[in-house]
Amino acid sequence: MAGKVHDQLFDAHEHALEQEEPCPTCGGQLQTRYGKRGPFLGCSNYPECDFIRPQNQNDGHIVKHLGKPCPSCNSELVLRQGRFGMFIGCASFPDCQHIEPLEKKADDTQILCPDCHKGHLVQRKSRYGKVFFACDQYPACRFAVNNKPVAQQCEACDFPLLVEKDFATGIKLQCADKKCHHIQQ
């Protein structure tokens, strides 16, 4: 009984969301359908008519005017919502193709990479949003640590880098060498 009521409510909600819009190809009724990439509008005359349109239009619509000039064409820069997230772009798109990422550049720690001795460690974010520190000479050097680096030498193995590690007793310095991991006193 509860499942039947739930289905009726779900169908009523679906019906309320449907738009009374004709198919631009054949004139049939557009219906909400579901695919692996989410909901979309499809023609009710499928398979004779294969018209589809995504419901979520992430086509770069303007969210906010920033009031700064575009470095390419001096038009205004705007904050846009695109299919890969928020970004800053020129208001005169498509005439001007200038875009900027929303994130700032990687923070350089001015600490020399202990592995290659050429690059410096910079703060980066993983695809899941976790902060880590890696050599700016990537992919030639793949040195990375998950904790904040400190330019001090390990007292046990003389490795030139320590990291701040958070323990139950407080923050302590630990050797960044994977073979050592000595905790400084």
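This is a predicted model: local features need pLDDT of at least 70, side-chain atom pairs count only at pLDDT 80 or more; totals for chains, interfaces and linings use all residues.

Colleague: Okay, T25. Why is T25 called exposed?

Modeller: Exposed means over 50% relative accessible area. T25 comes in at 58%, so it counts as exposed. You'll find T25 in the loop between α1 (2-17) and β1 (30-35).

Colleague: What does T25 touch, leaving out residues up to four places away in sequence?

Modeller: T25 touches C49 and F51. As for D50, its C-alpha atom is 8.8 Å from that of T25, although the two residues are 25 apart along the chain.

Colleague: What makes R53 and E21 a salt bridge?

Modeller: The rule asks for a side-chain nitrogen of Lys or Arg within 4 Å of a carboxyl oxygen of Asp or Glu. For R53 and E21, the closest N and O atoms are 3.1 Å apart, and the pair does form a salt bridge. R53 sits in strand β3 (residues 52-54) and E21 in the loop between α1 and β1, so the pair ties together parts that are 32 residues apart in sequence. By this rule, the count is one salt bridge.

Colleague: And are R53 and E21 buried, exposed or partly exposed?

Modeller: Buried stops under 20% and exposed begins over 50%, with partly exposed in between. R53 has 24% relative accessibility, so it is partly exposed. E21 has a relative accessible area of 24%, so partly exposed is the label there too.

Colleague: Now the inside. Which residues touch the most other members of the largest nonpolar core?

Modeller: That core has 16 residues, and the ones touching the most other members are C113, L121, F143, V145, F159, L161 and A176. Strands β10 (131-135) and β13 (162-167) each supply at least two residues of this core. Beyond four places in sequence, C113 touches G119, H120, L121, C135, C141 and F143.

Colleague: What makes β9 and β10 a pair?

Modeller: Pairing takes at least two bridges. Strand β9 (residues 120-125) and β10 are joined by five, and they run antiparallel. One example is V122, whose bridge partner in β10 is A134. The hairpin of these strands has five residues between them, and there G129 takes a positive phi near 90°.

Colleague: And why are β12 and β14 called edge strands?

Modeller: The open sheet has three strands in the order β12-β13-β14, with antiparallel pairing. β12 (149-150) and β14 (170-175) each pair on one side only, and that puts them at the edges. Two bridges join β12 to β13, and the cut-off is at least two. In that pairing, P149 stands opposite V163.

Methods. Residues are numbered from 1 along each chain as its sequence is written. Side-chain values use heavy atoms; hydrogens and water are left out. A nonpolar core is a set of buried Ala, Val, Leu, Ile, Met, Phe, Trp, Tyr and Cys residues joined through side-chain atoms within 4.5 Å. Buried means under 20% relative accessible area, exposed over 50%, partly exposed in between (1.4 Å probe, protein chains only). Helices (H or I, at least four residues) and strands (E, at least two) are DSSP runs, numbered from the N terminus. Contact means heavy atoms within 4.5 Å.
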